[in-house]
Amino acid sequence: VSTAQATGDVINEALLATHMQLSASHRLIYDAIDNGQLRQLKSVSEAIDLGANPVDFILKNIEVERGGKGTAKNALVLSVICRDSDAKGAAQILDAIYLAYQTYVETHSRSTSEDAAELIEAARLENETELVSADADYRAFIQTVPVLLEGDQVRDIHKTRLDKLEVELN
């Protein structure tokens, strides 16, 4: 196993753990309840009538696990199981959770990509401005340096004088 693979595996494990937590987060379940109209389900409405919080009720009745069964036991996939007295209700809860999860991930990814593109463009403009400024400063400096042109050669007057002084000192 190469170091790159090991590092990639660690990153994938951490990413999967993050998505497992996200799938069972209060915010995501709240969105699933609202967008999936889960309060209308018999089990959820009964829980609300008994004074339960619908988010807590759903969280108590779902399990988010990693992997699958058999040879896929260690696969980097999520498995969400919902316990409900009605199979259609369980399917509706799972569908609402999946749609809320998908919406969150797409929105977050799009926002991150847009932010990255804006930062890259800002850095490019800043670097371009600094380059133009540095070039202008260099050109201004070069214009102030006295040189002596002899044919196609350029000689620095100060360097020539320094060389003569060093020869005299030696």
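**Note on salt bridges, fold and surface**

1. Arginine 39 has a relative accessible area of 38% and is therefore partly exposed, a class lying between buried (under 20% relative accessible area) and exposed (over 50%), as judged with a 1.4 Å probe and protein chains only. The side chain of arginine 39 meets that of aspartate 34 in a salt bridge, with 2.7 Å from N to O. A salt bridge here is a side-chain nitrogen of Lys or Arg within 4 Å of a carboxyl oxygen of Asp or Glu. Aspartate 34 is likewise partly exposed, because its relative accessible area is 35%.

2. The structure is a predicted model, in which local features need pLDDT of at least 70 and side-chain atom pairs count only at pLDDT 80 or more, whereas totals for chains, interfaces and linings use all residues. Residues are numbered from 1 along each chain as its sequence is written, and side-chain values use heavy atoms, with hydrogens and water left out.

3. The protein contains 6 helices and 4 strands. These are DSSP runs numbered from the N terminus: helices are H or I with at least four residues, and strands are E with at least two. Their order along the sequence is α-α-α-α-β-β-α-β-β-α.

4. Of the 170 residues in the protein, 16% are buried. Contacts are defined by heavy atoms within 4.5 Å; among those between residues at least 6 apart in sequence, 46% join residues at least 24 apart.

5. In one of them, arginine 83 pairs with glutamate 63, and the closest N and O atoms are 2.7 Å apart. This pair links distant parts of the chain, 20 residues apart: glutamate 63 is in strand S1 (residues 62-66), and arginine 83 is in the loop between strand S2 (78-82) and H5. Arginine 83 counts as partly exposed because its relative accessibility is 38%, and glutamate 63 does so at 34%.

6. A further salt bridge joins glutamate 121 to arginine 124, with 2.6 Å between the closest N and O atoms. Both residues lie in helix H5, 3 residues apart, which is about one turn of the helix. Glutamate 121 is partly exposed at 36% relative accessibility, as is arginine 124 with a relative accessible area of 40%. Together with Glu128, Glu121 and Arg124 are linked in a network of salt bridges.

7. Helix H5 (residues 87-144) also holds tyrosine 138, which counts as exposed because its relative accessibility is 51%. With Phe141 and Ile142, Tyr138 forms a nonpolar surface patch of about 330 Å² accessible area together. Patches take residues with over 30% relative accessible area and no salt bridge, joining like charges within 9 Å and nonpolar side chains (Val, Leu, Ile, Met, Phe, Trp, Tyr) within 5 Å.

8. The accessible surface of the whole protein is about 12800 Å², and 57% of it belongs to carbon and sulfur atoms. Areas come from the Shrake-Rupley method with a 1.4 Å probe; for residues, only the protein chains shown count as cover.

9. Helix H2 (26-35) and H5 each supply at least two lining residues, and H5 gives the most, with 7.
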